[in-house]
Amino acid sequence: PNDVTLATDVIRNSIAGVTYTREDASLNTELRANLRKIRYADNTDLTSLIQTVGARLGFPITQLTSSGVFMDFYKNEREQSGRLDKRFDVGVDVNINFSLNLTAYFDVRYRTKESTDSSANYDEFSAAARLDYQFF
């Protein structure tokens with residue numbers, strides 16, 4: 001049945017990644033890539049090879065405000081079924097520091113996903129707002 005959830009144990013979760021970060025007065029740059037292989041105890045369809053690549057460019061506007069653009073690519077390949085999912089995100093964000101403890105974050109993004117399982121394909125726009133307070 002479709003409403004049955006499988007539970008299984010992860011016996012190996014291998015992750016390799018590299019990140020390059022550079023912060024200048026007018027531009028902050030981040031480039032990252034990760035490779036992850038998850039193997040499960042039984043022979044389920046959950047064993048996956050996951051590859052991610054991303055970039056972010058940040059632009060300080062004032063001492064307390066910054067904005068940025070970002071791009072992320074995500075590829076998930078299921079070993080048993082041969083299912084392949086590809087997801088691409090692109091967006092912009094704004095960070096505002098009201099004080100040392102209070103920060104606001106706004107994010108607008110477009111996401112698209114293509115899969116060999118056509119029922120999992122989608123395109124979406126989203127917006128998010130977050131307010132963080134740090135207790136010291």
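Author: A pocket is an open set of points, on a 1 Å grid over the protein atoms alone, where a 1.4 Å probe fits and protein lies on both sides within 12 Å along at least five of seven lines. The model is predicted: local features need pLDDT of at least 70 and side-chain atom pairs count only at pLDDT 80 or more, whereas totals for chains, interfaces and linings use all residues. Residues are numbered from 1 along each chain as its sequence is written, and side-chain values use heavy atoms, with hydrogens and water left out.

Reader: What is the volume of the largest pocket, and which residues are the closest to its centre?

Author: The volume, the space filled by probe spheres set on the points, is about 220 Å³. Of the 14 lining residues, Asn28, Thr29, Glu30, Arg56 and Gly58 are the closest to the centre; a residue counts as lining if it has an atom within 4 Å of a point. Two or more lining residues come from each of strands E1 (10-23), E2 (28-40), E3 (48-60) and E4 (65-78), a strand being a DSSP run of E of at least two residues.

Reader: Why is the pair of tyrosine 110 and phenylalanine 125 called tilted?

Author: Rings of Phe, Tyr and Trp (its six-membered ring) pair if their centres lie within 6.5 Å, and planes under 30 degrees apart count as stacked, over 60 as edge-to-face and the rest as tilted. Here the centres are 5.0 Å apart and the planes at 50°, so the pair is tilted. Tyrosine 110 belongs to strand E6 (residues 102-115) and phenylalanine 125 to strand E7 (residues 122-133), so the contact ties together parts 15 residues apart in sequence.

Reader: How do you know whether phenylalanine 125 is buried or exposed?

Author: Its relative accessible area is 68%, so it is exposed (buried is under 20%, exposed over 50%, partly exposed in between; 1.4 Å probe, protein chains only). Tyrosine 110, at 27%, is therefore partly exposed.

Reader: What makes the pair of tyrosine 133 and phenylalanine 135 edge-to-face?

Author: The centres are 4.9 Å apart and the planes stand at 75°, so the pair qualifies as edge-to-face. Tyrosine 133 is partly exposed at 47%, and phenylalanine 135 is exposed at 74%.

Reader: Why is the charged end of arginine 87 said to sit over the ring of tyrosine 74?

Author: The criterion asks for NZ of Lys or CZ of Arg within 6 Å of the ring centre and within 35 degrees of the ring normal. The charged end of arginine 87 is 4.5 Å from the centre of the tyrosine 74 ring. Arginine 130 likewise lies over the face of tyrosine 105, at 4.8 Å.

Key: Helix = DSSP H or I, 4+ residues; strand = E, 2+ residues; numbered from the N terminus.
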